[in-house]
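Me: I would like to learn how to read a protein structure, one feature after another. Could you take me through some of them slowly?

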Amino acid sequence: MTWRNIRLILSREIRDQLRDRRTLFMIFVLPVLMYPLLGMSMFQVIQFMKEEATRVLVSGVEALPESPKLIENDKFASQWFGEVDKADLLHVIVDNQMTVDKAKEMVGQGTFEAVVIVPNDFADRLGAFRKRLKQGQVPASGDKKDTADAASGVPSPEIIYSTAKEKSQLAYLRVSRVLQNWNEEIVRENLAQRDVPVSAMRPFAVTEHDVAETSQRNAAVWSKILPFLLLIWALTGAFYPAIDLCAGEKERGTLETLLSSPAQRGEIVWGKLLTIMVFSIATALLNIASIGFTGAAVSSHIPEIGPPPVGATLWLTVALIPMSAMFSALCLALAAFAKSTKEGQYYLMPLVLITLPLVVLPLAPGVELNLGNSLIPVTGVMLLLRSMLEGEYVKALPFVLPVIAVTTLCCHLAIRWATEQFNSESVLFRESERFDFGLWVRHMFRDREETPSLAAGVACGMLILVLRFFMSFAQPAPGDFNDVMRSAIAGLLAVVLTPALLMTLFMTRSPVQTLLLRRPNWLTLPAVVVLAVALHPLVIKASHVVRALYPIDPKLTESLEKIISQAPNLTLLILVLALTPAICEELAYRGFILSGLRRQGNKWRAILVTSILFGAAHGFVQQSIMATITGTV
């Protein structure tokens, strides 16, 4: 592999991409225009945003006390609003004959956004309570479960609203705030009648001190926005050039000319990969620069939002290079597999669906940078960037090496996959396929082979995952060991074993070869015993490490241990937790699925993918990791 050939291919591909007006618009024009236009649109929309008045019916106004007044001039008294001008946002209609059932019906129909029903004897019973309070005849309640009306004898007004309607929820919030302020005033008057100072209600106030500086608050906001946009645009910027460089060349008929040149396949891959990286990095940087300038301009009019941190450009650029390499390699491999640009564009959505959860996970509250999270691809980079942008360098320093190691490994695997795609003639020049259901059914029965195809193996693994997902919701939570036994055995037989056996029956001609049902060598059995004895302590140690990285809820562990302890005997426990899973999962994963994946010609990749599918079928992350490791062994 020579750098001269790579440089020639790189310059050729960059020139071709720069001639494409769609690529130039996507990379250079769109980032410059999009964020300023979004900012302008936001200011335009804000001008039309105003709070709408909500209709509230109040029944039982005659039963309200004279002091303090809740209703004045057919509206809520302005003193119960934090801002006087907010009083006009509640349009009050008075009806003293409204029943609860009728009120629910009218709110449901949308006649009113909310209805307040005051009990008929509210004022009389409130006056009686005040009289008893003044005479010292109201005992203190020692039971915290006693409600206010039960202790005082004063009935509670009712608010009827609908959570299915946003305007009704808004009316409820406004009315409840008014009633709360009115209730507090009643309490103050009651205390005054007993010559109790108002300070008795709140003998002290909590003083708050926010130690965060303005720059730190701004960094906390931008540290979530900028890394997210960086990775999303790095992926988007890599995808479309990759489609044009591979699938587009297939359509234009220029790929054969390139492959027949003196350049080696590896040199072609690196030339195209570097080209895709250039456009991926340019797209991400221009988008980040555009949103940075837009954010700085917007922050001058919105004091709550400050400009991005000064060092953001440095850290984002450093993280962008390996992430662009990984995304570029993945897009290049998928584009090499695509027959046309139209088919290649369909592959963007699965790639985004896989990447998006890893990018969104760091935005969830409570997800912090630790050793376990730093080992998750993409997520670790996001969390490390967030810590760097927030200025927490000491906290982030111990996790730099794990993030670099995981990211480097992912880049290596992605580049290797892309290279293998280009080295495979069947991938580069596969023929177009037109799906016909009748032909597919006849082909499935008539042209069956001894073992399943690669697609059949992957389909079986995905089918088991989907069935397990729906089965987990269909089954009720286990209450005892009998429930666990029934759900475990039924799930394994129906979800794991049955699909594998049916696909073996309909898609293959040799169940023995497909399920790998052959008599073992006489040395196999003692080797199995030695492996089990040697592997057991390592698995236990590994499980402790996994639980340390990704802790399990102690309540869940306690519940599972309690259920397992209810097993009537050891034989039944082994049957449920060991023998049945071994038979079902071995036939499905190390049988049908492995037989199909071995058709790609790489046995180690077949083993790894089978183990990953096997691990993904388990319910908990900790189980999935351990199942993948032991499955690989």
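This is a predicted model: local features need pLDDT of at least 70, side-chain atom pairs count only at pLDDT 80 or more; totals for chains, interfaces and linings use all residues.

Me: Let me begin with helix 15: how many of its residues are buried?

Reply: A residue counts as buried when its relative accessible area is under 20%. In helix 15, which spans residues 379-389, eleven of the eleven residues are buried, and among them are Thr-379, Arg-386 and Leu-389.

Me: What covers the buried residues of helix 15?

Reply: The cover includes helix 7 (214-245), helix 11 (312-337) and helix 13 (348-360), and also helix 14 (371-374), helix 16 (393-396) and helix 17 (400-423). Just after helix 15 the chain reaches Gly-391, which takes a positive phi of about 80°.

Me: How do I describe the way two helices pack?

Reply: Two packed helices are described by the angle between their axes and by the distance between those axes. For helix 7 and helix 15 the angle is about 145° and the axes are 9 Å apart, while the crossing of helix 7 past helix 15 is right-handed.

Me: Which residues of helix 15 does helix 7 meet?

Reply: On the side of helix 15 they are Met-382, Leu-385, Arg-386 and Leu-389, and the residues of helix 7 that meet them include Trp-222, Lys-224, Phe-228 and Leu-231. Sorted by class, this contact has ten nonpolar, one polar and two charged residues.

Me: Now to the salt bridges: how many does the structure hold, and where does the one between Glu-420 and Arg-416 lie?

Reply: There are 17 salt bridges in the structure. An α-helix has 3.6 residues a turn, so residues three or four places apart point the same way. Glu-420 and Arg-416 both belong to helix 17 and are four residues apart, about one turn of the helix, and their closest N and O atoms are 3.7 Å apart. Both partners are partly exposed, Glu-420 with a relative accessible area of 26% and Arg-416 with 48%.

A second case of this kind is found in helix 25, where Arg-590 and Glu-586 are four residues apart and form a salt bridge whose closest N and O atoms are 3.1 Å apart.

Me: Which parts does the salt bridge between Glu-585 and Arg-468 tie together?

Reply: In this salt bridge the closest N and O atoms are 3.9 Å apart. Glu-585 lies in helix 25 (residues 570-597) and Arg-468 in helix 20 (residues 454-474), so the pair ties together parts that are 117 residues apart in sequence. Glu-585 is buried, with a relative accessible area of 12%, whereas Arg-468 is partly exposed at 26%.

Conventions
Residues are numbered from 1 along each chain as its sequence is written. Side-chain values use heavy atoms; hydrogens and water are left out. Buried means under 20% relative accessible area, exposed over 50%, partly exposed in between (1.4 Å probe, protein chains only). Helices (H or I, at least four residues) and strands (E, at least two) are DSSP runs, numbered from the N terminus. Contact means heavy atoms within 4.5 Å. A salt bridge is a side-chain nitrogen of Lys or Arg within 4 Å of a carboxyl oxygen of Asp or Glu. Axes are lines fitted to C-alpha atoms, for helices over the stretch in contact, and angles run from 0 to 180 degrees between N-to-C directions. A crossing is left-handed if the near helix is turned anticlockwise from the far one by less than a right angle, and right-handed if clockwise. Ala, Val, Leu, Ile, Met, Phe, Trp, Tyr, Cys and Pro count as nonpolar, Asp, Glu, Lys and Arg as charged, and the others, Gly among them, as polar.
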